[in-house]
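I opened a new page in my notebook today.

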Amino acid sequence: GLFAMERQHNRAEAESHWNTAEAFAGDQADVYQNLSRFFLAIGESTRALAACHKVLELVPDEGDSYANLADVQLEMRDTLGAVTHYEKGLAISGFLSSTQYLTLANIYKQQGDASRAVLFYRYALAVQPSNPLGWATLASAYVKLGDLQRAEFSNKKALQFDPGFAAAHGN
């Protein structure tokens, strides 16, 4: 498909196909959603942002659209905007992807809100329970909270899923 063309460094051909899709998209939010992901993948964050805004104009009550906008904002280093839109997407749809939960948890941990980070690491692990990175980062958040028993348990889970996982060895 089109993403495969982009990965094969045939960006001009892929972009030509996307330009054609965009010309015929009309009010099809899913086309703009895919365009935003495509533009983000090729490093054109301004165009990705414009496509996200078009999606929100067409379907303002779609949680995934806000989470996608947050992904773009994060790429543009707008952490505050990203947090706002991840949270809004979650409030509307009731879920995020495991990666988005991990991203949101990491932001909260960096901001010093370890309790909020733990919440989102746990959500990520509910979606993808065998993720050693999720368990290791949860362990580090528990360490920040001083809950060493849960940190040790989380670390053991990380190593259970990947015995050589370096991040878990560092906790």
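Here are my entries on one threonine and a few charged pairs.

**Ground rules.** I am working with a predicted model, where local features need pLDDT of at least 70, side-chain atom pairs count only at pLDDT 80 or more, and totals for chains, interfaces and linings use all residues. I number residues from 1 along each chain as its sequence is written, and side-chain values use heavy atoms, with hydrogens and water left out.

**Entry: T137.** I found T137 in helix α9, residues 132–145 (helices are DSSP runs of H or I, at least four residues, numbered from the N terminus). T137 is buried at 14% relative accessible area (buried is under 20%, exposed over 50%, partly exposed in between, with a 1.4 Å probe and protein chains only). Beyond its neighbours within four places in sequence, T137 is in contact with L102, N106, K109 and Y121, contact meaning heavy atoms within 4.5 Å. I also looked up N106: its C-alpha atom is 8.1 Å from that of T137, though they are 31 residues apart along the chain.

**Entry: salt bridges.** I searched the whole structure and got six salt bridges, each a side-chain nitrogen of Lys or Arg within 4 Å of a carboxyl oxygen of Asp or Glu. One of them joins E87 and R116 at 2.8 Å, N to O. E87 sits in helix α6 and R116 in helix α8, so this pair ties together parts 29 residues apart in sequence. R116 is partly exposed at 28%.

**Entry: K156 and E152.** Their closest N and O atoms are 3.3 Å apart in a salt bridge. Both lie in helix α10, four residues apart, which means about one helical turn between them. K156 is exposed at 54%, while E152 is partly exposed at 46%.

Terms used: Helices (H or I, at least four residues) and strands (E, at least two) are DSSP runs, numbered from the N terminus.
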